[in-house]
Amino acid sequence: MNQERGSVSLVLVAAMGFSVILGSFIVDVAGASAAKARAQAAADAAALAAAQEQVLPSAGGPANAAAEYAERNGARLVACRCPEGGLEAVVVVEVKVVLAGLGVTRTVPATARAVVEDPAGHSAGSTRDAS
């Protein structure tokens, strides 16, 4: 009977260890998911800021506006395709996330595109029917 108590203890220790590992995995997945949402929100804000900067230019330019809004939302601007005089802005941002359970740091990218209508009321990508 004394031997059975020892084996129950080992099973409990193993179950607790598995629970800790599973819990840390769940926390990492939740953190990565939150980072993806934060990256997308930052990309959306940066793209809108860059597009607005093309319509109502200031001293900074679209790329600087996009970088500022990405940073305000906890991201880093990686790329800004904002042609001067254009009506669209495409930005790529990234957010760093620490996966504590795995002991690694990863970057989560996100891309967003904003299109501004021209003064005539047509979007940059629209075409008119010739008929």
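Okay, let's start with cysteine 82: this residue is buried, with a relative accessible area of 15%, where buried means under 20% relative accessible area, exposed over 50%, and partly exposed in between, using a 1.4 Å probe and protein chains only. Before I go on, this is a predicted model, where local features need pLDDT of at least 70, side-chain atom pairs count only at pLDDT 80 or more, and totals for chains, interfaces and linings use all residues. Residues are numbered from 1 along each chain as its sequence is written, and side-chain values use heavy atoms, with hydrogens and water left out.

So which cysteine does cysteine 82 pair with? Cysteine 80, with the sulfur atoms 2.1 Å apart; a disulfide here is a pair of cysteine sulfur atoms within 2.5 Å. The structure holds one disulfide. Its S-S torsion is about -75 degrees, so the bond between cysteine 80 and cysteine 82 is left-handed. Cysteine 80 counts as partly exposed, at 22% relative accessibility.

On to the strands. β1 covers residues 76–81 and β2 residues 88–99, and they pair antiparallel over five bridges; pairing takes at least two DSSP bridges. Helices (H or I, at least four residues) and strands (E, at least two) are DSSP runs, numbered from the N terminus. Arginine 81 has valine 90 in β2 as its bridge partner. Six residues separate β1 and β2 in this hairpin, and glycine 85 in the turn has a positive phi of about 80 degrees.

Last, helix α2, residues 62–72, where Ala65, Ala66 and Ala70 are buried. Down the axis, the buried residues fall within an arc of 130 degrees, so they line one face of α2; that arc is taken from the directions from the helix axis to the C-beta atoms. Glu71 and Arg72 are exposed, on the face turned away from the buried side.
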